[in-house]
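Trainee: I've got a new model on screen and would like to talk it through. Can you take my questions one by one?

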Amino acid sequence: MAEGTAQTTASQAQPAQQQFPPFDTTNFASLLIWLALTFGLLYWLMSRIALPRVAGILEARHHKINTDVLAAHAKRKEADQAATDYQKTLDNARTDAQALAQETQTRLAAEADAKRHTLEAELGAQLAAAEKQIEETKAKAMANVDQIAQETAAAIVEHITGKPADAAAIAGAIAKLKA
């Protein structure tokens with residue numbers, strides 16, 4: 001029994017004397033070899049697989065950005081050209097509208113002038129006819145004035161003298177006054 005107890009104590013004391021394997025100096029050579037192998041393998045994997053993929057992604061991204069920037073510049077030029085074309089079209093439309101308005105104004109003015117001339121001609125004709133009628137009426141009235149003057153003068157002479165007046169003398173007196 002004492003012998004069994006001594007073995008148990010020795011087996012329990014033995015793990016207490018062992019060190020943690022990474023800190024055990026007898027394992028340093030194998031740890032360094034595994035470290036070198038692991039680092040080499042990782043370096044090889046990174047340089048052959050991961051880094052080329054990342055570089056490809058970065059290159060593709062750079063290419064995509066450059067392509068997009070060039071496309072944006074091209075679209076901007078197209079937009080500027082479209083704006084310039086729009087402005088030219090708008091200016092041409094304004095010019096055409098102004099020309100059309102001027103042409104319409106000129107045509108309407110010509111039509112108004114023609115109507116005015118026609119109306120003036122009609123009014124001139126009516127005025128000439130009225131003046132002619134007035135002259136005819138005036139001539140008739142003047143012809144009657146002589147007769148009325150002779151009749152009035154004869155009536156006054158007859159009223160004052162009590163004798164009928166000499167018609168030839170009255171006509172001569174009236175003709176002398178008119179001259």
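**Helices and how they meet**

Mentor: Start with residues 28–46: their end C-alpha atoms lie 26 Å apart, and the span is 100% helix and 0% strand. UniProt, in an unreviewed entry, puts a "transmembrane region" there; such annotations may be inferred rather than shown by experiment, and positions follow the numbering used here, with feature names shortened. This is a predicted model, where local features need pLDDT of at least 70, side-chain atom pairs count only at pLDDT 80 or more, and totals for chains, interfaces and linings use all residues. Residues are numbered from 1 along each chain as its sequence is written, and side-chain values use heavy atoms, leaving out hydrogens and water.

Trainee: Which element has the lowest mean pLDDT?

Mentor: pLDDT is the predictor's confidence in each residue, from 0 to 100. Helices here are DSSP runs (H or I, at least four residues; strands are E, at least two), numbered from the N terminus. Helix α2 (residues 28–161) has the highest mean, 94, and the lowest, 49, belongs to helix α1 (residues 2–17).

Trainee: How far apart are the end C-alpha atoms of residues 76–151?

Mentor: UniProt's unreviewed entry lists those residues, 76–151, as a "coiled-coil region". The span is 100% helix and 0% strand, and its end C-alpha atoms lie apart by 108 Å.

Trainee: At roughly what angle do the axes of α2 and α3 cross?

Mentor: Axes are lines fitted to C-alpha atoms, for helices over the stretch in contact, with angles from 0 to 180 degrees between N-to-C directions. The axes of α2 and helix α3 (residues 167–178) come within 10 Å and cross at roughly 125°.
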